[in-house]
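Open the model in your viewer and keep the sequence panel beside it. We will go from stop to stop, selecting a few residues each time and looking at what surrounds them.

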Amino acid sequence: RRMRLWIKEETEVGDPEEFMEMLVSRIEKIMSHESLDIYVNPTFLPAELQDRYDELWTEPRMNRVVRALADNGIAMEINAVRRIPSLAFIHRAKEEGVRFTFGTNNTGADDLFNPSYWLEAIDKCGLTPLDMWKPEKD
């Protein structure tokens, strides 16, 4: 069934490990079957799991998502408002040649005035202009 992770009433977590397996499997399926350029709000977790982000986004799960991005040429958004994905996730994706974009989830005009997470990702993950996604020319 459809599940918008940011809407509590639409999200049933149940067992967190089973939920994460379902989430990663869905991400892999979407990335291999849909025509996408950018994966936005990447690695977002429902409110009840957000404090367990580093625990639940294990290395094998990160690897599966990064592999799906790399295999399908899909860029990963670095979200300044939600501060996702984690720096570990960004570093791993960079190593696999995944490209990046900067986003905010468009919650308001002030979003663009706090680029601190973007700057942190650039600095700590060694991002360069070559790591950034650019639209293909027709």
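Predicted model: local features only at pLDDT ≥ 70, side-chain atom pairs only at ≥ 80, totals over all residues.

Select Asn79 and show its side chain: it reaches the backbone nitrogen of Val81 at 3.0 Å.

Residues are numbered from 1 along each chain as its sequence is written, and side-chain values use heavy atoms, with hydrogens and water left out.

Asn79 sits in strand E2; helices (H or I, at least four residues) and strands (E, at least two) are DSSP runs, numbered from the N terminus. Is Asn79 buried or exposed? Asn79 counts as buried because its relative accessibility is 0%. Here buried means under 20% relative accessible area, exposed means over 50%, and partly exposed is in between (1.4 Å probe, protein chains only). Leaving aside residues up to four places away in sequence, Asn79 touches Asn41, Ile84, Gly103, Thr104, Asn105, Tyr117 and Trp118. Contact of this kind means heavy atoms within 4.5 Å.

**The sheet**

Next, colour the strands. They form an open sheet of three, in the order E1-E2-E3, with parallel pairing. E1 and E3 are the edge strands, since each pairs on one side only. Two strands pair if DSSP finds at least two bridges between them, and E1 and E2 are joined by two bridges. To see a facing couple, select Tyr39, which stands opposite Met76 in E2.

**Helix H5**

Now select residues 116-125, which make up helix H5; its buried residues are Tyr117, Trp118, Ala121 and Cys125. These four cover an arc of only 105° around the axis, which puts them on the same side of H5. The arc is that of the directions from the helix axis to the C-beta atoms. Turn to the other side of H5 and you find Leu119 and Asp123 exposed. What do the buried residues of H5 pack against? Their partners are strand E2 (75-79), helix H4 (87-95) and strand E3 (100-103). After H5 comes Gly126, with a positive phi near 65°.

**Two aromatic pairs**

Rings of Phe, Tyr and Trp (its six-membered ring) pair if their centres lie within 6.5 Å; planes under 30 degrees apart count as stacked, over 60 as edge-to-face and the rest as tilted.

Begin with Trp57 and Phe89. Their ring centres are 5.2 Å apart and their planes meet at 75°, so this pair is edge-to-face. Trp57 lies in the loop between H2 and H3 and Phe89 in helix H4, so the pair ties together parts that are 32 residues apart in sequence. Both Trp57 and Phe89 are buried.

Then go to Phe102 and Trp118, with ring centres 5.3 Å apart and planes at 35°, so this pair is tilted. Phe102 belongs to strand E3 and Trp118 to helix H5, so to speak distant parts of the chain, 16 residues apart. Trp118 is buried, with a relative accessible area of 12%, whereas Phe102 is partly exposed at 36%.

**Helix H3**

Select residues 59-72 for helix H3. Its buried residues are Arg61, Met62, Val65, Val66, Ala68 and Leu69. Seen down the axis, they fall within an arc of 155°, so they line one face of H3. The face turned away from them carries exposed Pro60 and Asp71. Among the elements covering the buried residues of H3 are helix H1 (16-33) and strand E1 (38-39).

**Last stop**

Finish at Asp131, in the segment after H5. Asp131 is buried, with 7% relative accessible area, and its side chain makes a polar contact with the side chain of Lys94 (2.8 Å).

Note on methods: Polar contact = N/O pair within 3.5 Å; in protein donor to acceptor, adjacent residues only side chain to side chain.
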